[in-house]
Every structure is written in structure tokens, then in C-alpha cells.
Amino acid sequence: MEVDPSHAWALNNYGRLLQNVRQSHDEAEVMYKRAVKADPNDATTLSNYGGLLENVRQSHDEAEVMHKRAVEADPNHAGALSNYGYFL
């Protein structure tokens with residue numbers, strides 16, 4: 001990220017590390033927000049951020065928005081479809 005601080009894929013993956021390994025949810029959310037800003041149509045990032053909002057923040061309305069955006073961004077994205085289905 002030092003080379004390209006707006007690289008959506010790197011920001012998303014760092015967010016996942018912070019969320020799932022370090023349990024640093026506030027920092028993870030910052031990374032997901034930066035990733036969504038860098039690429040607002042990346043289904044993986046939208047879905048991962050939706051998962052944090054759903055499972056960590058218990059912000060179900062916001063989570064639903066992210067999950068829907070993920071599926072709209074890529075209707076064939078298996079992970080986004082699975083995560084949205086699980087959310088429902």
C-alpha cells in the first residue's frame with residue numbers, strides 16, 4: 001500500500017487481515033471504506049464490508065446495502081451471492 005495507497009484490492013485484503021486475524025474492527029472498517037472509495041463496484045470488497053457491518057457492527061440495514069451493492073456490481077460473483085444469501 002505504500003506504493004499505491006488507493007489500491008482497492010490491497011486495501012480490501014488488509015481489511016480482512018485486520019478483521020479476521022487481528023480483530024481490529026475499527027481499523028478494518030477504515031480499510032474497507034478506503035477500498036470502496038477506490039473501487040465502488042468491487043463485489044468482493046462490498047461483500048466483505050457488508051460482512052463486517054453485519055457480524056461485527058450488527059448494523060443490519062447498512063450491511064444489506066453493501067450486500068445488495070455487491071450483487072448488483074457482479075451478479076455472478078459466487079462469494080457475494082453466498083454472503084447475501086446467508087445474510088437474508
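At what angle do helix α2 and helix α3 pack, and how far apart are their axes? I note first that this is a predicted model.

**Entry 1: α2 and α3**

I looked up the pair formed by α2, residues 25–38, and α3, residues 43–55. They pack at an angle of about 150°. Their axes are 10 Å apart. That angle makes α2 roughly antiparallel to α3, because angles over 145 degrees count as such. I also checked the hand of the crossing of α2 and α3, and it is left-handed.

Next I listed the residues that meet. From α2 I have H25, A28, E29, Y32, K33, A35 and V36. From α3 I have T45, L46, N48, Y49, L52 and L53. I sorted the residues of this contact by type: 8 are nonpolar, 3 polar and 2 charged.

**Entry 2: α1 and α3**

Then I turned to α1, which spans 8–20. How do the axes of α1 and α3 cross, and within what distance do they come? They cross at roughly 25° and come within 10 Å. This makes α1 roughly parallel to α3, because angles under 35 degrees count as roughly parallel. The crossing of α1 and α3 is left-handed.

On the α1 side, I find A8, N12, R16 and Q19 in the contact. On the α3 side, I find T44, T45, N48 and L52. For the contact of α1 with α3, I noted 2 nonpolar, 5 polar and 1 charged.

**Entry 3: R22**

I looked up R22 in the loop between α1 and α2. Is R22 buried or exposed? R22 has a relative accessible area of 52%. I put R22 down as exposed, because its value is over 50%. Leaving out residues up to four places away in sequence, R22 touches Y14 and L17.

**Entry 4: S6**

Last, I went to S6, in the segment before α1. Its relative accessible area is 47%, and I recorded S6 as partly exposed. Which residues does S6 touch, not counting those up to four places away in sequence? I found L11 and A38.

I also took a distance from S6 to Q19, 13 residues apart along the chain. Their C-alpha atoms are separated by 19 Å.

How values were computed
Residues numbered from 1 in each chain as written. Predicted model: local features only at pLDDT ≥ 70, side-chain atom pairs only at ≥ 80, totals over all residues. Heavy atoms only, no water. Axes fitted to C-alpha atoms, helices over the stretch in contact; angles between N-to-C directions. Helix = DSSP H or I, 4+ residues; strand = E, 2+ residues; numbered from the N terminus. Parallel < 35°, antiparallel > 145°, perpendicular 65-115°, else oblique. Left-handed = near helix turned anticlockwise from the far one by under 90°. Contact = heavy atoms within 4.5 Å. Nonpolar A, V, L, I, M, F, W, Y, C, P; charged D, E, K, R; others polar. Buried < 20%, exposed > 50% of the residue type's maximum accessible area, 1.4 Å probe, protein only.
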